Amino acid sequence: LKRSPGLSVWLSGVNCAGAFTPPPPADMAPKRKAAAKAGEPATKKGVAAKATTGTSEKTTEPQKQEPLQTEPPEVPPSTKPEDAYVEKEADAPSDKRPSIKAAPEFRTMDTTLNVVPVMDGRLLRTLTDGGMQYLVAGARANVAVKTGRYMFEVKISEMLPVQDKAWGRGAPKPKQLVSVGFSTADTPLVLGDLEGHIFFDSEGALHASGTRRPVAKRFTRGEVIAVVLNLDAASPNANTISLFRNGERLSPPQALPEGLQGKALFPHVAFRNVTLQVNMGLSPMAPLPFACRMIGSAAQADVEVAASISPKDGKYDVLLPVGFPEEGCFDWLDAFLAKNPQYVELSDRKILEWAIASGVWKPKGLGRGSRDKPEFAFGLQSMDDFSIRNVLSAVAPVLPRNYVVMEVRGNLVDTERQKVLERFSAPHFKKTACVFMGEPPQDFLAVQRERMLQAKQIKLEKAWKAKQLERERKKAAAEKAKQLAEVRRKAEEARKAAAEKSVAQAEGSVVKAQSEVKEDDQNAEEKAAESEAEAMKADEAKVEENEGTEAMDDDEDTAAPPKAELTEEEQKQWFAPRPGFDVKEGAVARCFGEFSIPEKSEGFDDIRFDWQPAAKAKEYLRAKILERKKTSMVNDLQPSKWFQDAWARFKKAFEGWQKKQEAFKKSPAFKVGAARKASQEEGAEEAPARDLFSVEDVCDVGDGEPLFKDFELADWALLQLRFELWLLQVAFKKDVNDPDRTAIPLAHFLHYYQKYYQKTLTPKAFGAENLQELTKVVKDTAVWEEDHLISPLTIDEEEEGSHFVKLTEEARRERQRRIDAGDETARLKIQQAALKPPPHPQAKLAAPGSAKAALKQLAFRKPTMMRPTLQKASAAAGVLRPPKLLVRPGASVSSPPAESPGKGSGKRSAAAQAGKLGIVKAWGQKGAKGYGKSGGKAWGKW
């Protein structure tokens, strides 16, 4: 009896009367170190505890108990502990059928990119650097069980240390993880809560049919874990999966989901940050309580061996899809991978999917970038800085398999394609480019139209449901109104009955003298009754109307939602709209001019054209590029030295012309000419006008008279505008250096004007509402043609400035002629702001929200500001010595002076630093000298 643990447990549950008392549940049993040893007597401490309670019950040791002649009764299943499960599995009979020829293995194509097989695949390691420590590695065997009962084993040989000191909240839990089970051939390699997966994890949970539930205890390093799959229809545990640890059952048999029954199931493991030993050989490492055959010794008829897809010529394909953004790139890829599952996609979107499948915390709004380059925001440095992308780029060329390198933008640029080809330069890789551009084939169009139809149907059903809810609300309101009308009618009938009763009682006691008054009252009541009757009829009519509406609503409620149909315009669309972008617009705008069709000269072994032939595909891409160039902005455009020199020459000449005009107006010749013109008789013939464009020197057309002697504010402003528009158009063409971009689009004109001239162009300052109206004033220099700015002028650099003076003078004379003729519409309403120069470099405003901007705002306030506020802002802006007062009361405002050190101080004065910041302030006579000993007196007191 002492050597029979099972009988000892049974004896411990027998009371003095011989009745069996089931043991308490495991979670209610006292926790003692000796509880794991069956048949061990209670400790002395326990005996003493019972003695102190005063009970008469005695502790009896099992080994001293007399043997009983009766057999122990069977334990009911509901009270039986889990470790007392009666094993129903029988030993596997000898099978003389032929076994599989090749040993089961994990092929490279059936493992994730971070799996490192060792010892012919019997030992699996995983990468743990550059973000790989967060990802789950997966491996599926090549032999699937169709029928019978078979097992395979795993053992955690090593727990790999995790390099991260802080495992952030976004990191998956636990750090080390092992999952073992089975899967179908068409499921992802990372085991997850999917329909085609069933497995146990190291936490003791079973994952099946998209659910997770605990069924066993945890297992860890050094323990041999066996997974038994029973597909034997004759077995009592048919269509179940079981887990064993070191040869002992760890969980009862778990039923397979109906979706997996009757399918061939492959052994599958997934792990993270561990080294895993896998045994699918002929004999187990830890025998089970019953004889069970290993997958390596399975009968050929009971299993299915996955076909090998190794290339015949020994070369694996590296495919680069080439398509135009937003034109079905990822739709084509999804369809291609569905037809060719042997290819592995290398892209950022797959990294994102892999991380989420591995349990990495997915923050809200993850992947908001684009499908080509989604944003990573996991809060994990090695993930967010795309270190994992670099690791995969280094690992993929080492593993021989078929790849699809999906880079929508990169595959359109030859330099980016060259980098990919250099990575896969090994002789066992074949480089292929697949181009899909132009009109898609009919099968692709059918899928796109079906997607558009489904999206439209969803919208219609949503609107139909909203309408149904509104109809239900109106129906409930009508029913409530009907009930209120009924209550009102009954109350009115009761009031009438009471009134009639009171009238009948009063009739006997009323004297005949009041008979006439009574008659008048009766007449009034009859009239009231008639009005009430009419009101009741109106209420009944409303009720009938509501009932008719309800009947109509009932008929409409039974109707099905409308069927969606594509319009003629939607039928012509090639691509169904999708949320988000294939590539961000900014990324396309920066490099679409470099888009090209791959050529074999780049290093490709083959180039395929799926949708259109090569010539049509190239023509289509060329048309797309031209269309983009008309509407896109050149963000990296910078003014060239040629522009800067031409603009500097004009500004110098412009300033000289204005001084020449001012000097001429003070000369005696101007006064004589003005007097002669004033004394000229009316009707006298004017001197014939000189040909303006034959003038050689605009500063001297004769007797020192300049051509621009009569220029006013409007003329000088239009002269400058003419030259600016012409120079901008010419400089843009030179700097872009693209024959396809010869004009500035209207939508981007103000952007380029600001970039070149460092100021904004305001049409209202010239009396115009928009740019189109503005250019009408200078139509001899700039016009809009198909919303693009062009200039009809062809000018040599030697006469670039003087030619615009002549054009301005010609326009002035024509305008004056019209005004003299009585045409007041010819007058210009040009403001002084039209001639404003570009801002000084030192006067540029600081960035909004910065300390310098805060200090600048304080500088414009009243002198009564608080000193601590100004000092705090000054210190934040980097001013060494904050000034007492930036704006002296009563002083005039002028531009900031040049930076100069203050007297009596070795450091730079605060006033000089504030001047460097571009702060407008008032400088006294001594304050301009600095913020030293003498300069401080000019600032006054607070």
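**Helix packing, cores and a buried loop residue**

Helices H15 (residues 713–736) and H16 (residues 749–757) pack with their axes 11 Å apart, at an angle of about 90°. Because angles of 65 to 115 degrees count as roughly perpendicular, H15 is roughly perpendicular to H16. The model is predicted.

**H15–H16 contact**
- H15 contributes Phe723, Glu724, Leu725, Leu727, Leu728, Ala731, Phe732 and Asp735 to the contact.
- From H16, the contact residues are Phe749, Tyr752, Tyr753, Tyr756 and Tyr757.
- By class, this contact of H15 with H16 comprises 11 nonpolar and two charged residues, with no polar ones.

**Nonpolar cores**
- The largest nonpolar core has 72 residues, and Trp332, Phe378, Tyr403, Phe424, Met437 and Phe595 have the most contacts inside it.
- Helix H3 (residues 329–339) gives the most to this core, namely six residues.
- Beyond its neighbours within four places in sequence, Phe595 is in contact with Phe324, Arg409, Leu412, Val413, Val588, Leu621 and Ile625.
- Another core, of 54 residues, lies apart from the largest one and includes Val695, Phe708, Ala714 and Ala782.

**Helix H13**
- H13 (residues 641–665) has 25 residues, which at 1.5 Å a residue should span 36 Å; the end C-alpha atoms are 36 Å apart, in agreement.
- Its buried residues are Phe643, Ala646, Trp647, Phe650, Phe654, Trp657, Gln661 and Phe664.
- An α-helix has 3.6 residues a turn, so residues three or four places apart point the same way.

**Thr184**
- Thr184 sits in the loop between strand E6 (177–183) and strand E7 (197–201).
- Thr184 counts as buried because its relative accessibility is 7%, and the cut-off is under 20%.

Terms used: Residues are numbered from 1 along each chain as its sequence is written. This is a predicted model: local features need pLDDT of at least 70, side-chain atom pairs count only at pLDDT 80 or more; totals for chains, interfaces and linings use all residues. Side-chain values use heavy atoms; hydrogens and water are left out. Helices (H or I, at least four residues) and strands (E, at least two) are DSSP runs, numbered from the N terminus. Buried means under 20% relative accessible area, exposed over 50%, partly exposed in between (1.4 Å probe, protein chains only). The expected span of a helix is 1.5 Å times one less than its number of residues. A nonpolar core is a set of buried Ala, Val, Leu, Ile, Met, Phe, Trp, Tyr and Cys residues joined through side-chain atoms within 4.5 Å. Contact means heavy atoms within 4.5 Å. Axes are lines fitted to C-alpha atoms, for helices over the stretch in contact, and angles run from 0 to 180 degrees between N-to-C directions. Angles under 35 degrees count as roughly parallel, over 145 as roughly antiparallel, 65 to 115 as roughly perpendicular and the rest as oblique. Ala, Val, Leu, Ile, Met, Phe, Trp, Tyr, Cys and Pro count as nonpolar, Asp, Glu, Lys and Arg as charged, and the others, Gly among them, as polar.
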